[in-house]
Amino acid sequence: MSNQIKKINFNHSFIFFLFCNIFSLITFVNNNLTISPLICFLLILSIGVSHGSLDNMKGKKLFEIFKINNFFIFYLSYVTLAILIIFFWVILPSISLTLFLIVASYHFGKEDTSFLINNESFYEPLLFFLKGSLIVLAPMYFHFDETVNIFKFLLIENEAFYNFLNFIETSKILLFAIIFSTVSNILLFVKNFELKKFTIFLDYFSILIINYYFSPLVAFTFYFCFLHSIRHSITLIFELNREDLSVGIKIFLKKALPLTILTAIFCLISLYFLNNTYSFDSSILKIIFIGLASLTFPHRSEEHTSELQSPMYLVCRLLLEK
């Protein structure tokens, strides 16, 4: 079954690579072609968010390990942790953004690659982080000013933070960081070599292509929705039904739809209120990135159901003690 997942993900990466090249060519031919932030917002609310809508299933495994019987505590702790992240972001935005970028880099690198790795080693977490960091580094390298403007929309007003960004941009540190990310892709590729691991390079070049031709928001949306989220969903579909893929897809859609719709409703309500204070595009950017940060930390907790230091576990215990 592992080989079947690898084959499907390889085909998926190849299709995504073609998708990136076709849309990049269209953008190159039509210089005035732009994609609205609203379209990015809707794609992330539907395709992007859906891959985390089965966290409640992983939560059940988490509760079995921790011997917690009241499953309502899961939803309460999940929402509490998300709210705490938003609160922390408002108080300390530059630190929150930095932590989010670090956690997201590792998450993207691991989730997009771990299905290819047969034998784990102690240095793999570093390789996953470096590989996933390309999602953060590429937009900064190709569209530095636009990326900085996004950070400003995310409540970052720390002058020292922007001075540091200017330093790593002018001193070519970004380029060296991308080289390190490239090396990590090569090392992950050569480990336990097999043909399907060309998936790594297909993803690598796809990320570079979309970040070169598109704005940071559009490039991230393409990656997050059509590569990362779909890949994660493929794994979930196989977990739901390993014998019949079509049945797994139906079960996944049925189980993912309620929480996806609920999350979308909350985001649309937030957009309504934020739009009274900020511009429409600024409100969308805040919801996309601060909202994803608030969901990433509890979502990441669900991937480590055997770790007692899981943030979800700590919040659950705190709520139970109350």
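This is a short walk through the structure, from the whole chain down to single residues.

The model is predicted: local features need pLDDT of at least 70, side-chain atom pairs count only at pLDDT 80 or more, and totals for chains, interfaces and linings use all residues. Residues are numbered from 1 along each chain as its sequence is written, and side-chain values use heavy atoms, with hydrogens and water left out.

Start with the fold. The chain has 15 helices and zero strands. These are DSSP runs, numbered from the N terminus: helices are H or I with at least four residues, strands are E with at least two. The C-alpha trace spans about 55 × 50 × 35 Å along its principal axes. The radius of gyration is 20 Å, which agrees with the value near 20 Å for a compact globule of 322 residues. That radius is taken over C-alpha atoms, and the globule rule is 2.2 Å times the number of residues to the power 0.38.

Contact means heavy atoms within 4.5 Å.

Now look inside. Of the 322 residues, 49% count as buried. Buried means under 20% relative accessible area, exposed over 50%, and partly exposed in between, with a 1.4 Å probe and protein chains only. In soluble globular proteins, nonpolar side chains tend to be buried together. Here the largest nonpolar core has 57 residues, and Leu154 and Leu165 have the most contacts inside it. Another core lies apart from it, with 12 residues, among them Tyr106, Phe128, Phe189 and Phe238. Such a core is a set of buried Ala, Val, Leu, Ile, Met, Phe, Trp, Tyr and Cys residues joined through side-chain atoms within 4.5 Å.

Beyond its neighbours within four places in sequence, Leu154 is in contact with Trp89, Pro93, Leu97, Leu285, Lys286, Phe289 and Ile290.

Ser206 sits in helix α11, residues 199-213. Its relative accessibility is 0%, so Ser206 counts as buried. Not counting residues up to four places away in sequence, Ser206 touches Phe16, Phe17 and Cys20.

Phe14 lies in helix α1, residues 2-29. Phe14 counts as partly exposed because its relative accessibility is 40%. Phe14 and Phe198 are 184 residues apart along the chain, yet their C-alpha atoms are separated by 9.4 Å.
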